[in-house]
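Please examine the sequence and the coordinates shown below before reading on. The account that follows is intended to be read alongside them.

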Amino acid sequence: MGSGFEISAEDIRVFLDEAEELLQTMEGGILRLETDAGDPEVIQEIFRAAHTLKGSSATLGHQRMAELTHAMENVLDRLRKGKLTVTTELADTLFSCLDVLKALKDEIASGEPASVDTAEVMRRLAAFDQSGQPGAQRAPEPAAAVSPQMPPLTPAQEAQVKGAPARGMQAYWAEIRLAEDAAMPAVRAFQALLAVGDVGETVLSVPTQEQVEADQIDGELKVLFLTKETPERVRQILEQVPEIAIRTLAPYSSAAPVAAAEVAAASQAAAAHEAAAPQATAANQAPAPQAGARAAANGENGQAARSTKTGLRTVRVDVEVLDNLMNTVGELVIERTRLQQVLSRLEAEREGDDMAQVMSSALAQIGRLTGNLQEEIQRARMLPVDNLFRKFPRMMRDVAQKAGKEIQFVMKGEETELDRSVIEEIGDPLMHLLRNAVDHGIEPPAERLAAGKPAAGTVILEAYHEENHIIISVRDDGRGVDPDKVRASAVRKGLLSEEAARRLPDPEAVNLIWTPGFSTADKVSDISGRGVGLDVVQKNIEKINGSVEIHSKVGEGTEFRVKLPLTLAIIRALQVDLLGTTYCIPLGSVVETDRIPTADIRTVRQREVIVKRGEVIPLLRLAQVFQLERPEGAEEPEEIFVVIVAVMGRQIGLVVDTLVGEGDVVIKPLGRFIGEIPGISGATIMGDGDVAIILDVPSLVSSVQEEAGRLEAAVR
Amino acid sequence: MLIQEQREQQAISQIVVFRLAGEYYGADIAVVREVVPLQRVTPVPRTPEYVMGVINLRGRVIPVIDLRQRLGLPEAQMTKATRIAVGEVDGDQVGMIVDAVEEVARVSSDAVEPPSALMAQLDRDNVLGVAKVGDRLITLLDLRRILVREDRRSPVAPQ
């Protein structure tokens, strides 16, 4: 990049991780800023994030990033002090800043110069910085009233600070942390105060010198002081005091982040004198300031201690390591089963043998341990969906703005956990469904008002558990999917005949939206109509053993329900037997199993079907589909076993020989040599060490549909 | 050109000698990872005829092919001597069913004749040459060709 960072790769990685988090915090904060109309806590949060990023980018030597965050900080500071109010324009500007910061972050990550220009956003920021009240000097007290972070200086102290420049001095704010294991923290604090006194004048300190001398100290010392020295010199002098760390040393502005209560404690003595004075200070309002301050300080210390601890308790692990662990445990389980078989033989041959008994108890133990191990590793792979969700609010805001829609975007269940590989795969499909909801679902404000709905549409993204699955639902209160419109569109696009479309029941007509090449939008927008259809969304979800369904009511709204397995590597499956080979059917798609008398099988247009609860379900004889040869002379049984599976409401019955059982199976690929086989998604190793084949239900169902389609075409 | 190079390289090394339909065949020991006893093979539907199915090789699922069929030799019953020779090409392991595994032999390059023009096309594609070890004639197989499916991307169409 040419700026020649003398920084290790590890430093950069840490910086990037941190920057990512900070940018996300800022993004979330700016979004909330708009809805919560300038909640001071939110502003403070964004401010802190910008401030931290400024610090770390400056450390890294990235000038442009440091300058931009500094400019943002200025604007946020004005916001914090109530000199600015939140407008869409301001939020837009801050968002643009974030975009630039992201590009700059990528620049650091890739080492390739980013093609962004900070000048433009800097100019926009500067406009906010200058608007509002002109002049640099502060009107102290009113500002204090709106900003509780303002240290409530007594008028005497205020005057002392104000008069500093006249005396060639500058006010500084220092925050000093005393080492946790310092033997004599009060002594160190006292030394630090003395050091400050050596180079200048102390205006106030938290705790006060009296408190320090009385040993009332909480591991931290904050000092407001005046000095003629440079900050570097002050730092040098302070650093000679052992067992302390300087956390902040910065020119003082009335907005220095100090909790009012803490300062209140320090200035309580002064405040007592000033109580009669016309200015109301925070100290007056703080009940029992002394106790309050201590409690607050304690709380903060407690928190700091805890976070240091959690810092030590977490370790970053490459996902690959987790994958390998998972595979290894899978093999362990299989080997254990083999030992189990040896044991049963041993027990049969040498009944009551001591060794066999020892082995039996050891094996039971190993079984329990491997089970635990498997569970723990699976847990280590889980992440809250929040990791995925948090990028959506910003996207939704932009999409709605572009589409000229008003939306209220609600997220629920962000804490729901999913395997990280599922999270990686589900991002794009969800993004597409969300864009789709704004673009096709929610009506323009005028149309909504005319229909008696609020102008702003609601889009809800929700994640929750349902049995062995996670459901992610995307629902809107928009216009819903009109089956007639879908029919017409499908006919127009030549996806099916007018006749066939008319005969299609409404729910199935709605499901035509999943057909490749289909899109209901009358005009293609640049949001969701980018040629990537819902069929791709569906395929991607099915690829990870998930499914997606649509429920829609005209005029009321649409819901897309995405059903996902908890993990990719392990699925629950129904095991069936077909000519001596075990096949696994993922339980997620199994509706029910049934024994059907052969006499009840009927045919409709040459296809075998059964009728269940009035519904016609096509049968698929797996042995036929897979061209398995039955031994000579095998008779047609009187009853058949049928596993009814459903994909998107389409049911078919899979005819198998017998049902074997149900269990968790670890999905293994068939390998490149065999490649992809329609109807089969992989293999797994069973408890007895044999390999079983895992069926790909969606592709089996669509093969039946295609066949029906071909018949249809032939009849026409 | 490239094949020529490979042929020369492989001809110098050690080979695993196995028997198929009464004849001797050899494969570069660098490609044959191991030899395991015959075990239950799970058939995989919709695969070419010569693909027997898949087996569990210490927790890995690997395909197994019938080498006799793959080379156009007559089918035979499995016996106690039947083995699965596991080859590995580009990280993909594939098992091959052979009648029996004989030995590991050293073959010097001057004892190898290039594949004869008299051989059928199928053979010439899959064979690196014929080696003479003692009084045995050993057909050297090109596993890098045999164990990579050229039709991989278009699996056998259903029905």
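The structure is a predicted model, with an ipTM of 0.83 and a pTM of 0.50. For chain B the average pLDDT is 82, and 82% of its residues score at least 70. Where pLDDT is low, the predicted coordinates should not be read in detail.

Chain A contains 26 helices and 22 strands. Of its 716 residues, 33% are buried. When contacts between residues at least 6 apart in the sequence of chain A are considered, 70% of them join residues at least 24 apart.

One element to trace in chain A is an open sheet of five strands, ordered S6-S8-S9-S11-S10 and mixed in its pairing. Strands S6 (407–412) and S10 (547–553) of chain A form the edges, each pairing on one side only. From one strand to the next, the twist averages 15°. The pairing of S10(A) with strand S11 (residues 557–565) of chain A is antiparallel and extends over seven bridges; Ser552(A) has Thr558(A), in S11(A), as its bridge partner. Helix H18 (residues 392–403) of chain A packs on the sheet, where it touches S6 and S8 of chain A, and its direction makes about 165° with that of S6(A). Helix H24 (residues 534–543) of chain A lies across S10 and S11 of chain A, at about 135° to S10(A).

Helix H21 of chain A, residues 483–492, has Pro483(A), Val486(A), Arg487(A) and Ala490(A) as buried residues. Viewed down the axis of H21(A), the buried residues lie within an arc of 100°, and they therefore line one face of the helix. An α-helix has 3.6 residues a turn, so residues three or four places apart point the same way. On the other side of H21(A), Asp484(A) and Arg492(A) are exposed. The cover over the buried residues of H21(A) includes helices H22 (498–503) and H23 (506–510) of chain A. Just after H21(A), Gly494(A) adopts a positive phi of about 70°.

The largest nonpolar core comprises 82 residues, and those with the most contacts inside it are Ile585(A), Leu654(A), Ile694(A), Leu695(A) and Val54(B). The residues that Val54(B) touches include Leu670(A), Ala683(A) and Val691(A), as well as Thr42(B), Val44(B) and Ile62(B). Apart from this core lies another, of 40 residues, among them Leu434(A), Val438(A), Val481(A) and Leu496(A).

Notes
Residues numbered from 1 in each chain as written. Chains lettered and ligands numbered in written order. Predicted model: local features only at pLDDT ≥ 70, side-chain atom pairs only at ≥ 80, totals over all residues. Core = buried A, V, L, I, M, F, W, Y, C linked by C-beta atoms within 7 Å. Buried ≥ 20, exposed ≤ 12 C-beta atoms within 10 Å, placed from the backbone. Contact = placed C-beta atoms within 7 Å. Helix = DSSP H or I, 4+ residues; strand = E, 2+ residues; numbered from the N terminus. Arc of directions from axis to C-beta. pLDDT = per-residue confidence, 0-100. Pairing = 2+ DSSP bridges. Axes fitted to C-alpha atoms, helices over the stretch in contact; angles between N-to-C directions.
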